[in-house]
Amino acid sequence: MKQLVLSMIAYAVQRDVDATQLCKLAGIDLAALKRKNAAPITAQQLQDLWLNASRLTNDPLFGLHFGEALQPAALGTVGEIIQSSATAGDALTHAAALTHLVTDECRIEIHRAAKSFTVKLLPAKDYGATPPYAFRQLIDLLLVMVIHELDGLLLEKIVPQAVRLAYSVPDPVEYERVFRCKPSKRAGEYVLVFDIKYWDEPLLTANYELQSLLLQKVSSMPQPAAQPQALQTRIYNYLLANSYLGVSSLNDMAANFNISPRSLQRKLKEEGVKYQDIADAVRRSLAVYYISSGNYPLKDISWMLGYNELSAFTRAFKRWTGSTPVNYQSL
């Protein structure tokens, strides 16, 4: 994830965004992020990074265009393994196996048939037809990467036969240009379908010896033990995914997790956080998203986030970001 975040920031810089400003808005310590043993990026930080990268570049399709521009080398060892693969099929197979080194939000499966092969993204969580903004951007990025990561490494441009997404795309013409194929909507699917002819297409950068060394390096890396998600992370993700229902109260959230409100408070206290902190973090992310989209009056945003008075929302937003909603709109 760290490599992906650094690549995202680097791409934003190429789009004339100040890296320090972007990281500050996302609550990320840029200096600390560059260190070898940097702390993991939280779900909130990643959400805010996507939102602010999109806003500062004035590009609502930031993930789509980031995927189009991203070169395999930007993915570190994973990218080197892709580049040194013998064939397109070999490269995609390795990429699928190593997805966990890039993100834990989803995994990739590849299925071969007589006349085609399918690349399928399987999210760690089912968000339905209305996934959170950051997750949608990540899906766009990963699918576009599959198509474009081999550009310049083959003597033929890869063009998918079909692209299927679980959500409606905001700009069909631009999606068709980047995907090289008109995407269609199908519930629960994030899929690319290719003609089988591409599978054995040789890569110009194939290097069996180098790839063997790189794969040994990856296999020798200590694998983190599977840990259950922290309760605060589960609550944050739930609130974000169900934001169309409003931000749930402590009592409602406790009922959803089938425990008493007091037990929920106690478990969160053990993690060093209060429920109100998580709810405010979600409100902050949603407020930034709604304001950045330009589609909602401030009074409506205030109401959607549970504030009866615009003045109360303004005070909260200034506490979160250091700026009033009106000033933030003009940045």
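Student: What is the relative accessible area of T314, and how should I read that number?

Tutor: T314 has a relative accessible area of 26%, so T314 is partly exposed. The scale goes like this: buried means under 20% relative accessible area, exposed means over 50%, and partly exposed is what falls in between, with a 1.4 Å probe and protein chains only. Before we go on, a word on the ground rules. This is a predicted model, where local features need pLDDT of at least 70 and side-chain atom pairs count only at pLDDT 80 or more, while totals for chains, interfaces and linings use all residues. Residues are numbered from 1 along each chain as its sequence is written, and side-chain values use heavy atoms, with hydrogens and water left out.

Student: Where does T314 sit, and which residues does it contact outside its sequence neighbours?

Tutor: T314 belongs to helix α16, residues 310–321. Helices here are DSSP runs of H or I with at least four residues, strands are runs of E with at least two, and both are numbered from the N terminus. A contact means heavy atoms within 4.5 Å. With neighbours within four places in sequence set aside, T314 contacts T324 and P325.

Student: How many helices and strands does the chain have, and what share of its residues is buried?

Tutor: There are 17 helices and 5 strands in the protein chain. Of its 331 residues, 49% are buried. Sequence separation is another handle: among contacts with a separation of 6 or more, 67% are between residues 24 or more positions apart.

Student: OK, helix packing. How are α5 and α8 arranged?

Tutor: Two packed helices are described by the angle between their axes and the distance between the axes. The axes are lines fitted to C-alpha atoms, for helices over the stretch in contact, and the angles run from 0 to 180 degrees between N-to-C directions. Here, α5 (residues 62–69) packs on α8 (residues 133–148) at about 25°, with the axes 7 Å apart. So α5 is roughly parallel to α8. Under 35 degrees counts as roughly parallel, over 145 as roughly antiparallel, 65 to 115 as roughly perpendicular, and the rest as oblique.

Student: Is the crossing of α5 and α8 left-handed or right-handed?

Tutor: Right-handed. That label applies if the near helix is turned clockwise from the far one by less than a right angle, and left-handed if anticlockwise. On the α5 side, the contact uses F62, G63, L64, F66, G67 and E68, and α8 brings Q137, D140, L141, V144, M145 and H148. Sorted by class, that gives 6 nonpolar, 4 polar and 2 charged residues. The classes: Ala, Val, Leu, Ile, Met, Phe, Trp, Tyr, Cys and Pro are nonpolar, Asp, Glu, Lys and Arg are charged, and the others, Gly among them, are polar.

Student: What else covers α5?

Tutor: Of the 8 residues in α5, 6 are buried, namely F62, G63, L64, H65, F66 and G67. Their cover includes α1 (2–14), α4 (43–56), α8 and α9 (172–179).

Student: And how do α4 and α8 cross?

Tutor: At roughly 75°, with axes that come within 8 Å. So α4 is roughly perpendicular to α8. L46, Q47, W50, L51 and S54 of α4 meet Y133, A134, Q137, L138 and L141 of α8. That contact has 7 nonpolar, 3 polar and no charged residues.

Student: Which residue is joined to R284 by a polar contact?

Tutor: A polar contact is a pair of N or O atoms within 3.5 Å; within protein, one must be able to donate a hydrogen and the other to accept it, and residues adjacent in sequence count only if both atoms are side-chain atoms. The side chains of R284 and D48 have one of 2.5 Å. R284 lies in helix α14, residues 275–293, and is buried at 11% relative accessibility.

Student: What about phi of N58?

Tutor: Most residues other than glycine have a negative phi. Phi of N58 is near 55°, a positive value. N58 is in the loop between α4 and α5 and is exposed at 69% relative accessibility. R180 also has a positive phi, near 65°, but R180 is buried at 19% relative accessibility.
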